[in-house]
Each structure stands twice: as C-alpha cells, then as structure tokens.
Amino acid sequence: MSLENQTMQIIVYAGNAKSMAMAAIKAAKMGQIEEAQGKLTESREHLKIAHQHHTKILQEYAKNPEEPTNMFMTHAQDHLMSAMTANDFALEFVELYGTIDDLKATIKSLENE
C-alpha cells in the first residue's frame with residue numbers, strides 16, 4: 001500500500017474512532033451504558049487499525065530517513081492523536097455516567113424502602 005493510501009487509512013480510521021468515542025459519551029449520557037461500552041470497543045478497534053497504518057509508515061521512514069514528510073501525514077497524525085484523546089475522555093465519561101446511574105438507582109431504592 002502506498003504512503004498516501006496508508007496516510008488516508010489513518011485519517012479514515014481515526015475519524016471513525018473519534019466519532020464512535022463521541023457516540024459513546026452521548027449514549028452514556030442517556031443512560032445507555034452497555035451501548036456506550038460497545039461504542040468504546042468499536043472506537044478502540046478503529047484506533048488499533050489506524051495505529052497499525054501509522055506504525056507501517058514510521059517503519060518505512062526508519063528505513064529511508066531522507067524520505068520527506070508532508071502536510072497530509074501531519075494531518076493524519078493530528079487525527080490519530082485527537083481520536084486517541086477523545087477515546088481516553090470517552091472512557092472516563094462512560095465510567096462517570098455509569099457511576100451516576102448506579103447512585104441514582106441506589107437513591108431511588110432507598111427512597112422506596
């Protein structure tokens with residue numbers, strides 16, 4: 001696969017991962033914790049693929065350090081890092097919303113006693 005195609009794959013998969021991470025937060029906010037966790041799993045799978053393409057590109061650059069980089073690769077790197085950050089935050093938000101839901105259920109249970 002060409003460098004340009006590898007770069008585009010990073011952008012596509014990282015973009016998908018970020019979208020899924022944001023969808024996980026929205027699902028968790030609505031109390032759909034299991035769905036949110038599923039979206040996080042999908043997000044991590046897409047991040048893994050993006051990272052594999054990134055690794056291949058880095059390996060190629062290591063073999064040929066004179067190979068110039070370009071703005072397209074910089075753009076892909078930015079997408080990857082943004083997706084990784086979104087995924088990290090989404091994981092925290094899903095956990096937080098899950099805890100809030102558990103506390104609400106506990107309070108409701110205590111009120112019904």
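Author: The expected span of a helix is 1.5 Å times one less than its number of residues, where helices (H or I, at least four residues) are DSSP runs, numbered from the N terminus. The model discussed here is predicted, so that local features need pLDDT of at least 70 and side-chain atom pairs count only at pLDDT 80 or more, while totals for chains, interfaces and linings use all residues. Residues are numbered from 1 along each chain as its sequence is written, and side-chain values use heavy atoms, with hydrogens and water left out.

Reader: How far apart are the end C-alpha atoms of helix H1?
Author: Helix H1 covers residues 3–29, which makes 27 residues. At 1.5 Å a residue, these should span 39 Å, and the separation of the end C-alpha atoms agrees with that, being 39 Å.

Reader: Which helices are included in what covers the buried residues of H1?
Author: A residue counts as buried under 20% relative accessible area, as exposed over 50% and as partly exposed in between (1.4 Å probe, protein chains only). The buried residues of H1 include Gln6, Ile10, Ile11, Ala14, Ala17 and Met20. Their cover includes H2 (33–63) and H3.

Reader: Which residue, with a positive phi, follows H1?
Author: Helix H1 runs over residues 3–29. After H1 comes a residue with a positive phi, near 85°, and that residue is Gly31.

Reader: Is His53 buried or exposed?
Author: His53 lies in helix H2. Leaving aside its neighbours within four places in sequence, His53 is in contact (heavy atoms within 4.5 Å) with Met1, Gln6, Gln9 and Ile10. Its relative accessibility is 11%, and so His53 counts as buried.

Reader: Which element gives the largest share of the lining of the largest pocket?
Author: A pocket is an open set of points on a 1 Å grid over the protein atoms alone, where a 1.4 Å probe fits, with protein on both sides within 12 Å along at least five of seven lines, and lining residues have an atom within 4 Å of a point. The largest one holds about 170 Å³, the volume being the space filled by probe spheres set on the points, which are joined across faces, edges and corners. Its lining includes Met1, Gln6, Glu60, Tyr61 and Lys63, and the elements giving two or more residues to this lining are H1 and H2. The largest share, five residues, comes from H2.

Reader: Why are the rings of Phe93 and Tyr97 described as they are, and what is the word for the pair?
Author: Rings of Phe, Tyr and Trp (its six-membered ring) pair if their centres lie within 6.5 Å, and planes under 30 degrees apart count as stacked, over 60 as edge-to-face and the rest as tilted. The search of the whole structure finds one aromatic pair. Phe93 and Tyr97 both lie in helix H3 (residues 71–111), four residues apart, about one turn of the helix. Because their ring centres are 6.4 Å apart and their planes lie at 25°, the pair is stacked.
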